[in-house]
Amino acid sequence: MRVIVTKNYEDLGRVAANIIASQVTLKPESVLGLATGSSPISTYKELIKKYENGDLSFAKCHAANLDEYVGLTKDNDQSYAYFMYNNLFKFVDIDMANTNIPDGTEKDAAKECARYDAVIKSLGGVDLQLLGIGHNGHVGFNEPADCFAKGTNIINLTQSTIDANTRFFEKKEDVPTQAYTMGIKTIMSAKKILLVASGKDKAEIIYKMVAGDITPQVPASVLQLHNDVIVVVDEAAGSLLAEKAPEYIEK
C-alpha cells in the first residue's frame, strides 16, 4: 500500500487525476470503478481539465459505480447517477451507454444485486477502482459488520452514515436508509485501487485503515491485503498517520 500525502485538497485532486489519466492512457478501454461524495470531486475536476485540454479521452472507457441509494430515481438530485452525470460524465466524452450504476428503483434486491454483479463480470472486472472512505471505515456502502460482504448487496445504512447524509436533504425523513453497493470481494478484485480522503475528520480512520488491524469492523482495512493500492490524502487527513506511523507514508 502506497500512501501519498499532499499539501491540500486541490493537490490531492491533481495527484489522483494523474494516476487515473495514466491508467486510461496506457489502456484506453479501461473499466473504471468510480465513487461519489465530496472526496473525489477535485479529482473529477482535474480529469475534466485534462479532457478539455485534449490530453485525455474516455471514449473507449467503461465506468462502473460503487453504489446507489435505494429508492432514488436517476433524476433525483441526491442520487449518485445524478452526481456522476453532473460532476464528470456530461463534461467528458464517455459514452453514457458505457456507464453503469446500480438501479436504486429496483425493489427486488436479489435481482438487482445479481444483475450488477453480472454487469461487472461482463466487463471483465474493474481495472482501476476509485474509493472514498467513510468516518466509520466504510468503502462503497459496506458498513462495519461481522464479516466482509462479497458481491453486490443491499445495505442498511448505519445511523452515523444517515446522520452524515442529512445535510444533503431538506428533511431528515427524506434521507435514504438503504443502498445498493459493490461488495468487498468485488472491490478487492479490481486490478488497482486508488483511495482518496481529505480533512482532519478523516485522520483517525485513515490511521486505522493503514496501520490498524484488518477487521470487518473497519471495512477499508481489508485494502492492506491488496497488492496494488494507492492512498492519496491531504496533510489534514494524513496527520495522525504522520504522527503515529510515519513509516507508512511515501517519502
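A salt bridge is taken here as a side-chain nitrogen of Lys or Arg within 4 Å of a carboxyl oxygen of Asp or Glu. The structure is a predicted model, in which local features need pLDDT of at least 70 and side-chain atom pairs count only at pLDDT 80 or more, while totals for chains, interfaces and linings use all residues. Residues are numbered from 1 along each chain as its sequence is written, and side-chain values use heavy atoms, with hydrogens and water left out.

By the salt-bridge rule, the count comes to nine. Helices (H or I, at least four residues) and strands (E, at least two) are DSSP runs, numbered from the N terminus. In these terms, K191 sits in the loop between α6 (184–188) and β9 (192–197) and D127 in the loop between α4 and β6, so this pair ties together parts that are 64 residues apart in sequence. K27, for its part, belongs to the loop between α1 and β2 (31–34), and the separation between D127 and K27 is 100 residues.

Residues are called buried under 20% relative accessible area, exposed over 50% and partly exposed in between (1.4 Å probe, protein chains only). D127 is buried, with a relative accessible area of 5%, whereas K27 is partly exposed at 29% and K191 is partly exposed at 47%.

Another salt bridge joins R2 to E250, with the closest N and O atoms 2.7 Å apart. This pair links distant parts of the chain, with R2 in strand β1 (residues 2–6) and E250 in the segment after α8 (239–244), 248 residues apart. R2 is partly exposed at 39% relative accessibility, and E250 is partly exposed at 38%.

D67 is buried yet has no salt bridge, and K202, the nearest side chain of opposite charge, is 12 Å away. For this assignment, Lys and Arg count as positive and Asp and Glu as negative, with His and the chain ends not counted. With contact meaning heavy atoms within 4.5 Å, and leaving aside residues up to four places away in sequence, D67 touches T36, Y80, I101, P102, G140, F141, Y180 and T181.

Turning to helix packing, two packed helices are described by the angle between their axes and the distance between the axes. Axes are lines fitted to C-alpha atoms, for helices over the stretch in contact, and angles run from 0 to 180 degrees between N-to-C directions. Helix α2 (residues 41–52) packs with helix α3 (residues 80–87) at about 40°, the axes being 10 Å apart. The two helices are therefore oblique to each other, given that angles under 35 degrees count as roughly parallel, over 145 as roughly antiparallel, 65 to 115 as roughly perpendicular and the rest as oblique. I41, Y44 and I48 of α2 make the contact with F83, M84 and N87 of α3.
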